[in-house]
Amino acid sequence: MRDFVLIYLNGVRREIRGREALMMLGDWLRKEAGLTGTKIVCAEGDCGSCTVLRAFPDLAAHAHVDVGVQGGVKVGANVGAIVGADHATRSAPLEFEAMNSCIVTVAQMDGSHIVTVEGMQCGDELSPAQVAMKQCHASQCGYCTPGFVMAISAMLEKHGDANGASTNVASDSRARATIASDSGRRENVASHGGAVTEQQIDAKMAANYLTGNLCRCTGYAPIVEAALKVRATEKHSVAGRYSNSAAIADALNTATKSLLIEHDGIKLFAPVSLREAVTFAAQNPGFKVLAAATDMGVQTNKGKPLPRALLSLHLVSELYQAKHSRSGIVVGARVTLAQLRRLCETSAPELASFLNLFGSPQIKNVATLVGNIANASPIGDTLPFLLIAEAVVHVASRPGGKGPIHKRNIEFTDLYVGYKKLALTPEEIITHVSFNATDSKELLRLYKVSQRKDMDISAISGAFSFTLAGRAKHSNSSNDLHSLAARKTKSPPRVVSARIAFGGVAATPIRMPEIEAALVGDFTMEKAQAVAHMIASAITPLSDVRGSAAYRRVTAAKLFMRYASEVLHG
């Protein structure tokens with residue numbers, strides 16, 4: 001057991017204890033470390049001014065866990081090659097990704113290598129992103145500029161080649177048009193946390209990487225131009241400069257020891273095993289699991305105190321695992337949304353595309369699928385999909401803190417029992433979630449309605465899936481619905497099975513089995529209109545700042561009609 005958080009900050013080893021370990025990272029960087037280049041503006045993870053780069057050595061490379069039986073098949077996981085590719089072993093270089101520092105505690109960064117804007121330049125020589133921002137006059141007041149520099153640098157870490165050949169420099173008008181009209185169905189995988197590619201940096205990629213950064217005075221055209229003009233150099237590679245093998249080994253060795261931080265009545269425990277985790281849960285009533293803190297961090301910044309007992313799972317290696325099983329996908333509690341997106345590119349491509357609109361790269365690089373589930377918000381973006389994908393939540397406990405670990409599975413349709421309430425016992429924690437891959441005959445669509453296209457909370461969301469009789473196998477691409485229009489048939493498509501789920505229309509996300517049953521059979525526009533009326537009549541949403549009950553009823557019906565139109569007409 002240790003009482004300190006270990007981080008490497010701009011290459012310097014730091015041990016952080018007590019009160020400082022419970023601070024938000026952005027505040028600690030500014031007030032304790034004296035690195036004031038990192039700015040705090042919204043303190044909600046929305047503006048990107050607090051962006052830093054983070055790398056975390058791979059804990060899952062050699063771990064294995066059995067999470068139970070699914071469909072008669074024993075489900076295991078060992079995917080260091082998949083999700084661990086984001087990080088580093090003792091011999092591989094670190095991979096740095098952008099993240100918000102304002103809504104994450106220092107303790108959550110345990111074992112990480114953090115680089116701030118002060119660590120970007122080499123001596124007196126500015127980094128390529130800083131040079132490009134200067135040359136393109138992409139800063140006025142300058143308060144947001146460090147965040148943009150870090151976001152552009154994160155893009156370079158994935159896409160800048162050794163020769164710095166990023167040559168596609170757009171005009172101001174093209175950049176402005178891209179910011180305004182970039183399609184929600186983005187095809188640029190890597191720009192949302194994808195694997196390193198040699199894809200040329202263009203305006204679309206730049207806009208995607210800058211999604212999580214706001215500027216109030218400069219205007220985005222010169223900033224996007226700077227992102228296009230930037231030239232990577234081997235000398236300035238963050239991974240090249242900070243991937244010290246001794247430091248990586250130190251972080252990995254330290255991660256084998258559980259962490260306990262105690263200060264002012266608050267206890268934060270980070271165990272190295274699931275047994276320790278469920279024992280702590282049993283012995284500390286009212287504990288809260290600390291995942292990415294994208295919600296808890298916001299509440300803390302608004303004055304709400306941290307819970308008295310916090311359980312961080314960041315040292316439990318088996319929870320970083322995810323894999324394709326025979327029937328679907330299994331995801332551990334520590335798998336981020338960025339990693340999930342890569343995992344789902346072929347097996348659940350609609351979900352992968354939908355995750356583009358979930359949040360900024362800074363959020364997706366730390367937020368987890370299990371965290372989105374456990375938050376239990378009725379407008380959680382992934383929940384309607386998980387409902388129709390027949391997800392199963394795997395939980396573990398150790399009643400009384402003694403004896404063997406007890407594991408059980410909960411069907412996703414049974415998980416939510418009330419507003420922000422889960423069908424978990426007080427000492428249970430979620431370890432994994434499994435869900436079905438998209439079937440080759442399945443026509444799946446996920447929709448989200450919000451005031452902004454990117455990085456906004458849903459007013460309502462919907463998930464729809466039809467399986468049609470005689471449907472040929474397809475590639476699972478996002479354009480498959482259009483192939484229906486190309487098939488000139490006289491008879492209407494026949495629905496063999498249907499699945500419909502909504503978020504934002506009740507105290508919990510809901511599945512609609514009665515309406516699903518009504519859809520079986522020939523599908524016509526007349527039936528679609530009747531079903532849309534049934535949907536509007538069946539839901540009883542509330543009114544709030546994001547929309548009235550009447551608005552949500554109308555929108556739910558229109559989302560279904562949008563899906564129906566795609567099925568019938570392409």
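**Exercise 1. Find what share of the chain's contacts between residues at least 6 apart in sequence joins residues at least 24 apart.**

Solution. Among contacts in the chain between residues at least 6 apart in sequence, 73% join residues at least 24 apart, where contact means heavy atoms within 4.5 Å. The model is a predicted one, in which local features need pLDDT of at least 70 and side-chain atom pairs count only at pLDDT 80 or more, while totals for chains, interfaces and linings use all residues. Residues are numbered from 1 along each chain as its sequence is written, and side-chain values use heavy atoms, with hydrogens and water left out.

**Exercise 2. Describe the chain by its helices and strands and by the percentage of its residues that count as buried.**

**Exercise 3. Work out how β3 is placed, which way its residues point, and which strands it is joined to.**

Solution. Start with burial: five of the five residues of β3 are buried, so this strand is largely enclosed by the rest of the structure. Then consider direction: Thr51, Leu53 and Ala55 point one way from β3, whereas Val52 and Arg54 point the other way. Now turn to pairing, for which DSSP must find at least two bridges between two strands. β3 and β6 run antiparallel and are joined by four bridges, and Val52 stands opposite Met99 of β6. β3 also runs antiparallel to β7 (residues 113–115), with three bridges between them, and there Arg54 has Ile114 as its bridge partner.

**Exercise 4. Decide whether Val115 is buried or exposed, and list what it touches.**

Solution. Val115 is located in strand β7, and with a relative accessible area of 1% it is buried. When neighbours within four places in sequence are left aside, Val115 is in contact with Asn10, Val52, Leu53, Phe96, Met120, Met150, Val238 and Tyr242; of these, Val52 and Leu53 belong to β3. The C-alpha atoms of Val115 and Val12 are separated by 10.0 Å, although these residues are 103 residues apart along the chain.

**Exercise 5. Characterise the largest cavity by its volume and its lining.**

Solution. A cavity is a set of points, on a 1 Å grid over the protein atoms alone, where a 1.4 Å probe fits but cannot get out, and lining residues have an atom within 4 Å of a point. The count comes to six cavities of 30 Å³ or more, and the largest has a volume of about 250 Å³, a volume being the space filled by probe spheres set on the points, which are joined across faces, edges and corners. Its lining holds 22 residues, of which Arg54, Arg334, Thr336, Asn365 and Val366 lie nearest the centre. The elements giving two or more residues to this lining are β3 (51–55) and β6 (97–100), and β6 gives the most, with three residues.

Note on methods
On a 1 Å grid over the protein atoms alone, a cavity is a set of points where a 1.4 Å probe fits but cannot get out, and a pocket is an open set with protein on both sides within 12 Å along at least five of seven lines; lining residues have an atom within 4 Å of a point. Buried means under 20% relative accessible area, exposed over 50%, partly exposed in between (1.4 Å probe, protein chains only).
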